[in-house]
Amino acid sequence: MATYQAHETAIIDPDCTIGDDTRIWHFSHIMSGCTIGEECNIGQNVVISPGVVLGNNVKVQNNVSVYTGVTCEDDVFLGPSCVFTNVINPRSAVNRRGQYAKTYVGKGATIGANATIVCGHTIGAYAMIGAGAVVITDIPSYALVVGNPSRQIGWVSEYGHRLEFDEKGFAICPESGEGYRLKDNEVICIG
């Protein structure tokens with residue numbers, strides 16, 4: 001049986017899966033049918049809806065709503081008050097349950113504070129979504145995007161530093177020293 005910690009004000013519904021060493025803070029609601037990995041941190045006033053999958057070491061900051069249809073791989077960071085949608089054309093009087101669009105967030109990606117992720121898109125591994133951005137398209141791995149609607153303004157390393165590519169398409173992360181190659185608008189880490 002998994003061992004996790006939850007504040008006494010958190011609501012943990014039955015039939016959800018929560019990994020070892022995960023921490024769930026004040027006033028959060030973990031709903032039936034979701035899966036939360038090991039060593040996650042679920043902040044205050046967070047909602048994790050049915051069917052959501054969070055990998056290991058996912059950090060969910062305060063006031064985040066993660067709705068049905070969202071999958072986050074390991075090491076994803078969800079900044080304060082960011083939100084996901086799951087229906088393209090919601091109407092109060094029209095029941096669209098079961099029509100939720102899927103949203104996928106790749107390993108190590110960061111979504112900044114107050115960003116909105118419109119459903120049905122993929123955010124690539126290690127991408128960085130700036131605070132307040134509104135994502136309405138797929139985002140490539142390692143991309144740095146900002147604005148409303150979001151637009152790509154550069155590339156970042158796995159450590160979150162902006163990459164400056166030379167004329168041959170190579171860059172080095174100033175913190176890790178790892179190399180990166182940019183070719184055909186795709187970045188890969190070459191170690």
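Biologist: In which strand does Phe170 lie?
Modeller: The model is predicted: local features need pLDDT of at least 70 and side-chain atom pairs count only at pLDDT 80 or more, while totals for chains, interfaces and linings use all residues. Residues are numbered from 1 along each chain as its sequence is written, and side-chain values use heavy atoms, with hydrogens and water left out. Strands are DSSP runs of E with at least two residues, numbered from the N terminus. Phe170 belongs to the run at residues 170-172, which is strand 23.

Biologist: Is Phe170 buried, partly exposed or exposed?
Modeller: Buried means under 20% relative accessible area, exposed over 50% and partly exposed in between, with a 1.4 Å probe and protein chains only. The relative accessible area of Phe170 is 37%, so this residue is partly exposed.

Biologist: Which residues make the nonpolar surface patch of about 240 Å²?
Modeller: A patch takes residues with over 30% relative accessible area and no salt bridge, joining like charges within 9 Å and nonpolar side chains (Val, Leu, Ile, Met, Phe, Trp, Tyr) within 5 Å. Accessible areas come from the Shrake-Rupley method with a 1.4 Å probe; for residues, only the protein chains shown count as cover. The patch is made by Phe170, Ile188 and Ile190.

Biologist: Which residue forms a salt bridge with Asp75?
Modeller: A salt bridge requires a side-chain nitrogen of Lys or Arg within 4 Å of a carboxyl oxygen of Asp or Glu, and the count by this rule is 1. The closest N and O atoms are 2.8 Å apart, and the partner of Asp75 is Lys107.

Biologist: How many residues apart in sequence are the parts that this pair ties together?
Modeller: Asp75 lies in the loop between strand 12 (70-72) and strand 13, and Lys107 in the loop between strand 15 (103-105) and strand 16. Asp75 is partly exposed at 32%, and Lys107 is partly exposed at 29%. The pair therefore ties together parts separated by 32 residues.

Biologist: In strand 16, what is the bridge partner of Phe77?
Modeller: Two strands pair if DSSP finds at least two bridges between them. Strand 13 (residues 77-78) and strand 16 (residues 110-111) run parallel, joined by 2 bridges. Within strand 16, Phe77 is partnered by Thr110.

Biologist: Which strands stand at the edges of the open sheet of 6 strands?
Modeller: The order of this sheet is 3-6-9-12-15-18, with parallel pairing. Each edge strand has a single partner strand, so one side of each is left without a neighbour in the sheet; the two are strand 3 (17-18) and strand 18 (122-123).

Definitions and conventions:
Helix = DSSP H or I, 4+ residues; strand = E, 2+ residues; numbered from the N terminus.
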